[in-house]
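Subject: Structure for your review

Hello,

Here is the structure I promised to pass on. Please open it first, then read my notes below.

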Amino acid sequence: MLEELKEANEYVIKKIVEKNKLILEMEEYARENNVPIVTKEVAKYLEFLIRSSGFKTILEVGTAIGYSGIVMLEAMNHKDGKLVTIEIDEVRYEEAKKNFEESGYKNIMSYLGDANEVLPVLVEQKECFDFIFIDASKGQYQRFFEESYKMLNKGGIIFIDNIMFRGYLYKEYPKRFKTIVKKLDKFIDYLHEKHDFVLLPFGDGIGLVRSKL
Ligand SMILES: C[S@@+](CC[C@H](N)C(=O)[O-])C[C@H]1O[C@@H](n2cnc3c(N)ncnc32)[C@H](O)[C@@H]1O
């Protein structure tokens with residue numbers, strides 16, 4: 001969460017009342033096992049975007065335990081919709097599979113592997129998506145984006161989470177993050193220059209790209 005918006009974010013989060021049992025259980029699991037998942041206000045925004053757009057096909061880069069995946073499926077509300085999701089960590093992948101089963105949704109294809117390898121396979125298979133959610137290793141965001149963009153349907157949206165990386169893009173940061181910070185900063189310039197892009201300073205920074213029509 002961006003430090004400057006902390007109090008506003010906290011207020012927004014406090015106002016969100018979650019009733020879905022599985023979602024609540026996943027939030028607890030994530031807290032107890034230090035699994036990073038989207039923050040509640042970002043989940044709410046994701047849900048709102050998907051519900052209001054009528055999107056039917058979603059790709060997620062960075063599944064973790066399936067939390068945002070299930071949030072998106074709930075919002076999609078299409079019997080013929082589908083979710084394709086990629087996770088590199090085996091323990092999280094297995095936990096996500098368990099949660100997907102419990103959710104009752106059948107239209108999910110989850111890949112265990114490095115998105116750098118899985119995305120080109122999906123491109124090769126001519127997969128297409130209305131909505132693409134990028135939420136994995138930040139140092140590789142531009143690669144994930146460029147590969148994913150090839151599969152974005154006209155009128156579709158790519159949602160890039162944590163693009164402002166804890167606020168380190170505009171304030172002092174630990175030296176070990178120098179490479180990631182520089183890469184993300186350049187990536188934002190690239191998106192502004194080449195794409196229909198908007199940068200939103202909430203959550204941990206959200207980038208939205210709309211496909212060229
Ligand atoms: C922030 S978490 C995803 C959270 C999830 N989207 C949610 O909100 O429920 C990022 C995940 O991306 C995974 N990841 C990191 N690098 C990856 C890569 N190269 N390919 C696939 N997954 C990756 C991590 O293991 C981690 O579980």
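Lys126 sits in the loop between helix 6 (115-124) and strand 4 (129-134). Helices (H or I, at least four residues) and strands (E, at least two) are DSSP runs, numbered from the N terminus. Lys126 is not a glycine, yet its phi is positive, about 60°. Its relative accessibility is 69%, so Lys126 counts as exposed. Exposed means over 50% relative accessible area, buried under 20%, and partly exposed in between (1.4 Å probe, protein chains only).

This is a predicted model: local features need pLDDT of at least 70, side-chain atom pairs count only at pLDDT 80 or more, and totals for chains, interfaces and linings use all residues. Residues are numbered from 1 along each chain as its sequence is written, and side-chain values use heavy atoms, with hydrogens and water left out.

Asn34 lies in the loop between helix 2 (21-32) and helix 3 (40-53). With a relative accessible area of 66%, Asn34 is exposed.

Helix 4 itself (residues 67-76) is mostly covered, with nine of its 10 residues buried. Among them are Tyr67, Ile70, Val71, Met72 and Leu73.

Now the ligand. It takes up the space of the largest pocket. A pocket is found on a 1 Å grid over the protein atoms alone: an open set of points where a 1.4 Å probe fits, with protein on both sides within 12 Å along at least five of seven lines. A molecule sits in a pocket if more than half of its atoms lie within 2 Å of its grid points.

There are 21 residues around the ligand, and Val38, Gly62, Glu87, Ala115 and Asp135 come nearest. "Around" requires a heavy atom within 4 Å. By class, the shell has 10 nonpolar, five polar and six charged residues. Asp, Glu, Lys and Arg count as charged; Ala, Val, Leu, Ile, Met, Phe, Trp, Tyr, Cys and Pro as nonpolar; the others, Gly among them, as polar.

Which polar contacts (N or O pairs within 3.5 Å) does the ligand make? A ligand nitrogen is 3.3 Å from a side-chain N or O atom of Glu60. A ligand nitrogen is 3.2 Å from a polar backbone atom of Ile88. A ligand nitrogen is also 3.2 Å from a side-chain N or O atom of Ser137. The protein covers 90% of the 600 Å² of accessible area that the ligand has on its own (Shrake-Rupley, 1.4 Å probe).

Best regards

Conventions
Polar contact = N/O pair within 3.5 Å; in protein donor to acceptor, adjacent residues only side chain to side chain. 1 Å grid on protein atoms, 1.4 Å probe; cavity = no way out; pocket = protein on both sides within 12 Å on 5 of 7 lines; lining within 4 Å.
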